[in-house]
Amino acid sequence: VLFWLSGLTCDDTNFAIKAGSRAFDQAEKEDIAIVMPDTSPRGDGVPNVDSYDLGVGAGFYVNATEEPYKANYQMYSYITEELPTLL
């Protein structure tokens, strides 16, 4: 399994768009699954800031420890614990 973690303001489509079909063809030949999670908080009720680098759509690979971000910004746990368990 190959985990592709996109950058700050990217979503799960970033890798697919930039790598194109060649990446998926090669992964299939090598028997590798490519997992491209969206690690940015999205949806109603997610605290937002009027800035590209914090708030809805901006993800960091850490767990927030303070309100109001603590409930929705748990990307480290998502990537290292929850996602592998789901797979």
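A residue is called buried when its relative accessible area is under 20%, exposed when it is over 50%, and partly exposed in between (1.4 Å probe, protein chains only). By this rule, 26% of the 87 residues of the protein chain count as buried. The model is predicted: local features need pLDDT of at least 70 and side-chain atom pairs count only at pLDDT 80 or more, while totals for chains, interfaces and linings use all residues. Residues are numbered from 1 along each chain as its sequence is written, and side-chain values use heavy atoms, with hydrogens and water left out.

**The whole chain**

Begin with the protein chain in a cartoon view. Its secondary structure consists of three helices and two strands, where helices (H or I, at least four residues) and strands (E, at least two) are DSSP runs numbered from the N terminus. Followed along the sequence, these elements give the pattern β-α-α-β-α. The C-alpha atoms fill a box of roughly 45 × 25 × 20 Å, taken along the principal axes.

Next, display contacts, meaning heavy atoms within 4.5 Å. Among contacts between residues at least 6 apart in sequence, 46% join residues at least 24 apart.

**Helix α3 and its buried side**

Select α3 (75-86). Its buried residues are Met75, Ser77, Ile79 and Leu83. These buried residues of α3 pack against β1 (2-3) and β2.

**Ser40**

Now select Ser40, in the loop between β2 (34-35) and α3. Is this residue buried or exposed? Ser40 counts as buried because its relative accessibility is 8%. Leaving aside residues up to four places away in sequence, Ser40 touches Leu8, Cys10, Gly57, Ala58, Gly59 and Met75. Met75 is also one of the buried residues of α3.

**A salt bridge**

Select Arg42 and Asp38 and show their side chains. Side chains of opposite charge can pair when their charged atoms come close. Here the two side chains, Arg42 and Asp38, form a salt bridge with an N to O distance of 2.5 Å; the term requires a side-chain nitrogen of Lys or Arg within 4 Å of a carboxyl oxygen of Asp or Glu. A search of the whole structure finds one salt bridge. Arg42 has 40% relative accessibility and therefore counts as partly exposed. Asp38, at 23% relative accessibility, is likewise classed as partly exposed.

**A nonpolar patch**

Switch to a surface view and select Val1, Phe3, Leu5, Tyr61 and Leu87, which make a nonpolar surface patch of about 470 Å². Patches are made of residues with over 30% relative accessible area and no salt bridge; like charges are joined within 9 Å, and nonpolar side chains (Val, Leu, Ile, Met, Phe, Trp, Tyr) within 5 Å. Areas come from the Shrake-Rupley method with a 1.4 Å probe, and for residues only the protein chains shown count as cover. Leu87 is found in the segment after α3; its relative accessibility is 60%, so Leu87 counts as exposed.

**Two backbone features**

Most residues other than glycine have a negative phi, and most peptide bonds are trans. Where does Asp31 lie? Asp31 is in the loop between α2 (21-29) and β2. Although not a glycine, Asp31 has a positive phi of about 55°. Asp31 counts as exposed because its relative accessibility is 73%.

Finally, select Glu67 and Pro68. The peptide bond from Glu67 to Pro68 is cis, with omega near 5°. Pro68 belongs to the loop between β2 and α3.
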